[in-house]
Amino acid sequence: MSGLAWGALYGLAAGLVIAVAALIGVWGERKVAGRIQMRIGPQELGPFGLLQTLADTLKLVLKEDITPAAADVRIFRIAPLIVFAPIAMSFVIIPYASGFAPLDTSVGILFFMAVPAISVIGVLLAGWSSRNTYATIGGLRAAAQMISYELPRTLSILPFVLLAGSMRPLDIMDEWRWWWIPLTFIAFVVYFISSIAEVNRGPFDLPEAESELVAGYFADYSGIRWAIFMMAEYGGMVAAALFGAVFWFGGYLHLPGAFGVIMLIAMATLLAIGMIWVKWTFPRMRPDQLMGTAWKVLTPMALVQLVIIGVVIPWL
Amino acid sequence: MSLESVIFAVLGIVAVSGGIVTVFARDVSRMAMGLGAFLVAVAGFFVYWGATFLGIVQLFVYIGGVLVLMIFAIMLVHRSPDGSPTIESRHDVAAIAVAGGLFFMVVTALRGVVPDSVDQGITSGPAELNEAFLGPMLTHFEMGGVLLLAVLVAVVVILGGDER
């Protein structure tokens, strides 16, 4: 039973990490957004306003959990969990330190791409079960967007599979060399943009566009279920930043133990700040621009990157 | 009961109940959820028998692709205002008999093939698949590709037929 116990422990740890990361993420988002808009952001509660999100969370947990009368109750209630659980699962394959990944599997890379794809279903079901036009439009937009951007995102990771000859994240990290950074730069651009689109963040936030759709697929949610959607969004952002930091920037850089973990967290934080920066800098895209970017720009870019790697490999 | 058999039992229960929901639910979105549970359980079975690659591909293609497209289509369908229709069939008994017979056939046919435990499982990680597909099975692999290409061309011909 030790396997199951370890699994439960990892699950608990991952849940805590995501919750804390989401808290810090929301705080960071408000701070960065404040600075970009020449404001200060939260500052009253705790040092630098750090406790503001904690207070907001308490408020959300204590709020009434409203289910619309017309909603399909069971699906409405379960949808946030279908969105959140796959995102939480995607954290297990990330190599956090030299020789350590909670789930060390030979299909790690595919796992990271395939498992979060399940959350699309949760988004669709949330939009559908609300029985609300805005929510349905948001759900449809989200599904189209997430499926389109999965393709360039998956293609952008293939260079590492080619370079290392393995899909096991720890093998790739053993093979990792510093000159992979310039070699895979195009793939990084593709990955960064499509990751932002994959977690429905601005400028790709059409599914939850506030000025058009109120909040899109989670317009009818309140209280704790709304908080779970938010946690899924920030969890997805943190997972994408960690994954990007590991493969494109060497993650723990072969540093021993805790130094490596600190290195990885520092790099991931920089990437996450980059994502927040992008959100508060660019205006929301039109749907045709959104699809055009995925199919006419990012996918060809990822293919060009693959060809470059394929041509270079025999000389390495 | 070992941990393996508990996992196997849970997967089996999820698969069977997902299948039952898919067939008997009267709301299409519930059916889609049942189908989703069933497909996840099948992916779980693949992983359970050591075919991790196949399990992940099952998740990727069937959950992330096919099921999402199905739900997408369901969402575009008009929702009937007077509730869901009742399921009526004049072939209840015959259908049950045929289903039972098919079940018996499948069980007898597969009993010798499916491994009894995880220890005897099939190991088909990416490396083994790679060796097989680029080695002895290369011709089959390429033929599969040609077949899919032919199917795509056929779709273009069928759909574009009216325009000329």
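The report below treats the interface, then the cavity, then the pockets.

The model is predicted, so that local features need pLDDT of at least 70 and side-chain atom pairs count only at pLDDT 80 or more, while totals for chains, interfaces and linings use all residues. Residues are numbered from 1 along each chain as its sequence is written, chains are lettered from A and ligands numbered from 1 in the order in which they are written, and side-chain values use heavy atoms, with hydrogens and water left out.

**Interface**

Contact, taken as heavy atoms within 4.5 Å, joins 21 residues of chain B to 31 residues of chain A. The buried area, that is, the accessible area (1.4 Å probe) lost by two parts on being put together and summed over both, is about 2,500 Å², and carbon and sulfur atoms give 80% of it. On the side of chain B that touches chain A, H3(B) gives the most, with 14 residues, where helices are DSSP runs (H or I) of at least four residues, numbered from the N terminus. The residues of that side divide into 15 nonpolar, three polar and three charged.

**Cavity and pockets**

On a 1 Å grid over the protein atoms alone, a cavity is a set of points where a 1.4 Å probe fits but cannot get out, a pocket is an open set with protein on both sides within 12 Å along at least five of seven lines, and lining residues have an atom within 4 Å of a point. Grid points are joined across faces, edges and corners, and a volume is the space filled by probe spheres set on the points.

A search of the whole structure finds one cavity of 30 Å³ or more, and its 22 lining residues include A:Ile87, A:Met146, A:Glu198, A:Val199 and A:Ala232 as the closest to its centre.

| Space | Volume | Element giving most to the lining |
|---|---|---|
| Largest cavity | about 240 Å³ | H11(A), seven residues |
| Largest pocket | about 1,500 Å³ | H1(A), nine residues |
| Second largest pocket | about 980 Å³ | H11(A), nine residues |

The largest pocket is lined by 42 residues, and those nearest its centre are A:Met89, A:Leu103, A:Phe111, B:Ile7 and B:Val47. Its lining divides into 30 nonpolar, nine polar and three charged residues.

Methods: Helices (H or I, at least four residues) and strands (E, at least two) are DSSP runs, numbered from the N terminus. Ala, Val, Leu, Ile, Met, Phe, Trp, Tyr, Cys and Pro count as nonpolar, Asp, Glu, Lys and Arg as charged, and the others, Gly among them, as polar.
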